[in-house]
Amino acid sequence: MLDDFQHNSALNPDRVVRPAVPTDAGRIASIQAKAMLVSLSAGIDGELDPSVEESMDVAQMEKAWQEAINAPASSGQVLVALEKEDVAGFAAAIQGAPIPIVEGLQERGSEIIALEIDEGMAGLGHRSRLLSALADLAKRDGMKNLRVWIVAGDGEKIRLFQEAGFGPAGVKRKLEVGPHNIIEHLWWAKF
């Protein structure tokens with residue numbers, strides 16, 4: 001149960017990770033929309049087609065996050081990082097499907113589907129706190145690994161997960177985003 005879950009910063013009591021509440025959904029959607037554009041841009045040669053940004057419906061994203069936040073905890077976790085009382089970033093994870101072609105990923109694992117920080121809050125440790133909280137929850141729930149899909153070329157995300165002990169799984173997927181083909185690589189860490 002997430003109701004009693006909270007990750008506090010040892011160095012700054014104004015920096016906390018807690019379960020998201022429905023009123024956080026608007027801020028989560030706003031952070032996600034901006035971060036998606038940055039990540040997608042890193043994954044292509046040249047400029048991101050304007051139709052990609054035009055197709056983002058932040059109101060619909062907010063509604064989807066409200067539903068995810070209100071879903072039973074067994075469906076996944078949505079966490080927010082706070083800077084004082086402001087949502088500085090968020091993370092979400094679900095139970096990942098087994099990947100039989102990668103040794104270690106056949107076991108139960110938690111898949112990080114989002115870990116984003118408001119660009120004005122970067123460098124304050126929020127990403128690391130969110131990742132640590134997701135790892136703690138995954139271990140508590142009996143998961144054996146954490147995994148995440150990262151856009152090829154997103155150096156910032158690659159560095160974050162590499163520094164946290166993740167490595168490439170040797171699996172990739174291609175996503176069609178507007179007129180672009182985006183390649184994502186699976187990264188993972190075993191407990």
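I began with the lining of the largest pocket, where β5 gives the largest share, six residues. My pocket rule, on a 1 Å grid over the protein atoms alone, asks for an open set of points where a 1.4 Å probe fits, with protein on both sides within 12 Å along at least five of seven lines; lining residues have an atom within 4 Å of a point. Helices (H or I, at least four residues) and strands (E, at least two) are DSSP runs, numbered from the N terminus.

Before going on, I noted that this is a predicted model, in which local features need pLDDT of at least 70 and side-chain atom pairs pLDDT 80 or more, while totals for chains, interfaces and linings use all residues. Residues are numbered from 1 along each chain as its sequence is written, and side-chain values use heavy atoms, without hydrogens or water.

I then looked up the pocket's volume, which is about 640 Å³, counted as the space filled by probe spheres set on grid points joined across faces, edges and corners. Its lining has 33 residues, and Q32, I113, A114, E116 and E184 lie nearest the centre. I sorted that lining into 22 nonpolar, five polar and six charged residues. Here Ala, Val, Leu, Ile, Met, Phe, Trp, Tyr, Cys and Pro are nonpolar, Asp, Glu, Lys and Arg charged, and the others, Gly among them, polar.

The second largest pocket came next, at about 300 Å³. Of its 17 lining residues, A35, V38, I117, R127 and E156 lie nearest the centre. α1 gives the most to this lining, six residues.

Which residues touch the most other members of the largest nonpolar core? I found I112, L115, L130, F161 and F166, out of 26 residues. α4 (126-140) supplies the largest share of this core, seven residues. A core is a set of buried Ala, Val, Leu, Ile, Met, Phe, Trp, Tyr and Cys residues joined through side-chain atoms within 4.5 Å; buried means under 20% relative accessible area with a 1.4 Å probe, protein chains only.

Last, I checked the whole chain. I counted five helices and eight strands, and 48% of the 191 residues are buried.

Definitions and conventions
Buried < 20%, exposed > 50% of the residue type's maximum accessible area, 1.4 Å probe, protein only.
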